[in-house]
Amino acid sequence: SRKPRLAGKRVLVTAGGTIERLDPVRYLTNDSSGKMGFAIAEAARAEGADVTLIAGRTTAELKDNGIRLVRVESAEDMLREVTARYPDADIVVKAAAVADYRPVHRSESKIKKKGEQLTLELERTTDILATLGAQKNGQFLVGFAAETDNVAHYAMDKLKRKRLDLIVANDVTQEGAGFNVDTNVVAIYGPEGLVDQLPVSAKRAVAERIIDHIVARTGGKGEQ
Ligand code: PMT
């Protein structure tokens, strides 16, 4: 059998959606199932990597028990767990759907019904990927972009602003792409522009292709 191409590499993967609480029983989240991130973690593990998976809310099942799983709830929790492990990581893939906004106030008790309208005040969360980009010190950084229009433009903008080495863009308006489904439709961009475009494929196949690009761009051995 073929030599594992990520042996000795420490890979950090994020998956799932974050949960931003309003009160003890209510929260804001999104449709991420964790399938895409889990597939990447499993594909990296199959290539012999030492894999840590930081997962928010997920509905999918993780198959490979050789993966170190860390559960988090909010964007702030994910930021903390990811940045703590970042200095020791060789490769980071951020497939999680992190909340961009969270409630300004988090009530310790259940919010009571009053009046006909309720306005929620939200504030920005920290952009984890941008934080990692700014602190980059040899890590190979892969982001995702969930877009509905101008996919190439927004993906390249994110890659440049967040100092990424690759970005995987999914057009979430396409059938068989994005949140919750078992397949995805992606285009992969590097600093030089579009490097790959895949037809609708199983998330595991998409994950394997992403790993191929990572291996090709990190040389597969030695220091990086
Ligand atoms: O989990 P599945 O059901 O399988 O669905 C997969 C997916 C659609 C969630 C996945 O393929 C995907 O696209 N993940 C990223 C979704 C997203 O939040 O995209 P974005 O364009 O809003 O964010 C861009 C990048 O910044 C992402 O890598 C995201 O992890 C990161 N980000 C965003 C906000 C934030 N506060 N911190 C971040 O690091």
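Asp100 is a case in point: it has 13 C-beta neighbours inside 10 Å, so it lands in the partly exposed class. The model behind these numbers is a predicted one.

Asp100 sits in the loop that runs between β6 (91–94) and β7 (101–103). Leaving aside residues up to four places away in sequence, Asp100 touches Arg124 and Thr125. Lys110 is found in a loop too, between β7 and β8 (122–124). With 11 C-beta neighbours inside 10 Å, Lys110 falls under the cut-off of 12 or fewer and therefore counts as exposed. Its contacts, again not counting residues up to four places away in sequence, are Asp23, Pro24 and Val25.

Both residues turn up in the UniProt record, an unreviewed entry, whose "binding site" annotation covers Asp100, Lys110, Phe144, Lys158 and Lys162. These positions span 63 residues in sequence, and the farthest two C-alpha atoms are 37.6 Å apart, so the annotated residues do not all gather at one spot.

Now for the ligand itself. It is surrounded by 25 residues, and Ser33, Lys35, Met36, Ile128 and Leu129 are the closest. Of the elements, β9 gives the most, with four residues.

On to the inside of the protein. In soluble globular proteins, nonpolar side chains tend to be buried together. Here the largest nonpolar core has 56 residues, and Val13, Ile40 and Ala44 have the most contacts inside it. Helix α1 gives the most to this core, with seven residues. Ala44 touches Leu6, Val11, Val13, Ala49, Val51 and Ile211, once residues up to four places away in sequence are set aside.

Another residue to look at is Asn170, which is placed in strand β10 (residues 166–171). Asn170 has 22 other C-beta atoms within 10 Å, and because the cut-off is 20 or more, it is buried. Not counting residues up to four places away in sequence, Asn170 touches Ala146, Ala177, Gly178, Asn184, Val185 and Val186. Ala155 lies 15 residues away from Asn170 along the chain, and the C-alpha atoms of the two are separated by 9.3 Å.

Finally, the chain as a whole. It holds five helices and 14 strands. A compact globule of 224 residues would have a radius of gyration near 17 Å, and the chain, at 18 Å, agrees with that. Taken along the principal axes, the C-alpha atoms fill a box of roughly 65 × 35 × 35 Å. Buried residues account for 39% of the 224 residues in the chain. Among contacts with a separation of 6 or more, 61% come from residues 24 or more positions apart.

Technical notes: Residues are numbered from 1 along each chain as its sequence is written. This is a predicted model: local features need pLDDT of at least 70, side-chain atom pairs count only at pLDDT 80 or more; totals for chains, interfaces and linings use all residues. A residue is near a molecule or strand if its C-beta atom, placed from the backbone, lies within 6 Å of it. Helices (H or I, at least four residues) and strands (E, at least two) are DSSP runs, numbered from the N terminus. UniProt positions are given in the numbering used here, feature names are shortened, and annotations may be inferred rather than shown by experiment. Two residues are in contact if their C-beta atoms, placed from the backbone, lie within 7 Å. A nonpolar core is a set of buried Ala, Val, Leu, Ile, Met, Phe, Trp, Tyr and Cys residues joined through C-beta atoms within 7 Å. The radius of gyration is taken over C-alpha atoms; the globule rule is 2.2 Å times the number of residues to the power 0.38.
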